[in-house]
Amino acid sequence: MESAPAPATVTAARPPGSAVTPGPKLPYLRRELLARVDMAEPRWQRLSRQQLSDQEIGRGLQDDYANALFLGRVLGEHGWPVAGLVGEDGAAAALQLALHADTCAHVQQLSARAMYLAVQAGTTSIRQWAHLHDRCLRRVGVPQLFGTQYLLGAGGHVREPVREPERLDERRADVGLPPAAEALDRLRRRLQEPPPARENPPTANLMAAA
C-alpha cells in the first residue's frame, strides 16, 4: 500500500525588499540569563524595600555570588553579552547580574570594562553602562559620576555621594539619563508601592531606577 504524499510546505510570501530580523545568536545563553534574573528579581525588589530577614539576605548573597561566577564564565567565553548575542532582554539581564555582583568584585569590574568596550564598539548602551560604572566606583568608596546609585535612609532613598554634584545633570544628559531630581523622585514613588507579583523586564526596571 502506497503511503500518502507528504503535504506541501507553504511559505508565507514577504513583501519585496523585506528582511527577516535575526534572533539572538546564543538563545540558550539568553534563556539562562533571563532565568537567573527571574529567580533573583523578587528578592532584589524586597531587599530594596528592606523587607528581607538577615537569613534571607545571607542566602541571597550566596545566590548573587553564584550568578557572578556564571557571568564571569560568560565574559571569558563571549565578552560582554550584547543584544546581538542574547537579545535586548538578555543583555539587560546580564547587566542586572553585574550590578548585583558586589560579593565578587573582580567579576563586577571585568563586566564594567567589557561593557565599556562594547559601548565603544557601538553594540551596547552607554546609558546602561553608566549604572555599572557608578556601582563599581561606590564599591571602592569613590564618589559616583552619574548619580545612579542610592541608599535607603531614615527619610527614604537618597543618592550616594557624587563627584562634582553641580555638574551632575550635565554628565547625566551626556549619557542619556534624565535630570537627577526627576530620577530620584521617580524612584521614591516606585519604591513606596508594594512590588508587583511580576516585575517589568530588566531593562524597564533599570531605567526606572536611573
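**Group meeting talk: a walk through a predicted helical model**

Residues are numbered from 1 along each chain as its sequence is written, and side-chain values use heavy atoms, with hydrogens and water left out.

So what is the chain built from? The secondary structure comes to eight helices and two strands; helices here are DSSP runs of H or I with at least four residues, strands are runs of E with at least two, and both are numbered from the N terminus. Reading from the N terminus, you go α-α-α-α-α-β-β-α-α-α. As for contacts, which means heavy atoms within 4.5 Å, take those between residues at least 6 apart in sequence: 58% of them join residues at least 24 apart.

Helix α1 covers residues 27-48, helix α2 covers residues 54-78, and the two pack at an angle of about 155 degrees with their axes 11 Å apart. The axes are lines fitted to C-alpha atoms, for helices over the stretch in contact, and the angles run from 0 to 180 degrees between N-to-C directions. That makes α1 roughly antiparallel to α2, because angles over 145 degrees count as roughly antiparallel, under 35 as roughly parallel, 65 to 115 as roughly perpendicular, and the rest as oblique. α1 passes α2 in a left-handed crossing, meaning the near helix is turned anticlockwise from the far one by less than a right angle; clockwise would be right-handed.

Who is touching whom there? On the α1 side you'll find, among them, Tyr28, Leu29, Trp44 and Leu47, and on the α2 side the list includes Ile57, Phe70, Val74 and His78. The residues of this contact divide into nine nonpolar, three polar and seven charged. For those classes, Ala, Val, Leu, Ile, Met, Phe, Trp, Tyr, Cys and Pro count as nonpolar, Asp, Glu, Lys and Arg as charged, and the others, Gly among them, as polar.

Between these two helices there's a loop, and glutamine 50 is found in it. Most residues other than glycine have a negative phi. Glutamine 50 is also exposed, with a relative accessible area of 60%.

A second residue of this kind is glutamate 164, not a glycine either, with a positive phi of about 45 degrees. You'll find glutamate 164 in the loop between β2 (156-159) and α6 (168-174), and at 37% relative accessibility it counts as partly exposed.

On to the next helix pair. Helix α4 (residues 105-120) and helix α5 (residues 126-139) have axes that come within 10 Å and cross at roughly 150 degrees. That makes α4 roughly antiparallel to α5. The residues making the contact include Ala112, Met115 and Tyr116 of α4, and Trp129, Leu132 and Cys136 of α5. By class, this contact has nine nonpolar, four polar and two charged residues. And α4 passes α5 in a left-handed crossing.

Last topic: salt bridges. How many are there? The count comes to nine, with a salt bridge being a side-chain nitrogen of Lys or Arg within 4 Å of a carboxyl oxygen of Asp or Glu. One of them pairs aspartate 89 with arginine 30, the closest N and O atoms being 2.7 Å apart. Aspartate 89 lies in helix α3 (residues 83-99) and arginine 30 in helix α1, so this pair ties together parts that are 59 residues apart in sequence. Both ends are partly exposed: aspartate 89 at 24% and arginine 30 at 27%.

Another salt bridge joins arginine 186 to glutamate 182, with the closest N and O atoms 2.7 Å apart. These two sit in helix α7 (residues 180-192), four residues apart, about one turn of the helix. Arginine 186 is partly exposed at 26%, and glutamate 182 is partly exposed at 39%.

Conventions:
Predicted model: local features only at pLDDT ≥ 70, side-chain atom pairs only at ≥ 80, totals over all residues. Buried < 20%, exposed > 50% of the residue type's maximum accessible area, 1.4 Å probe, protein only.
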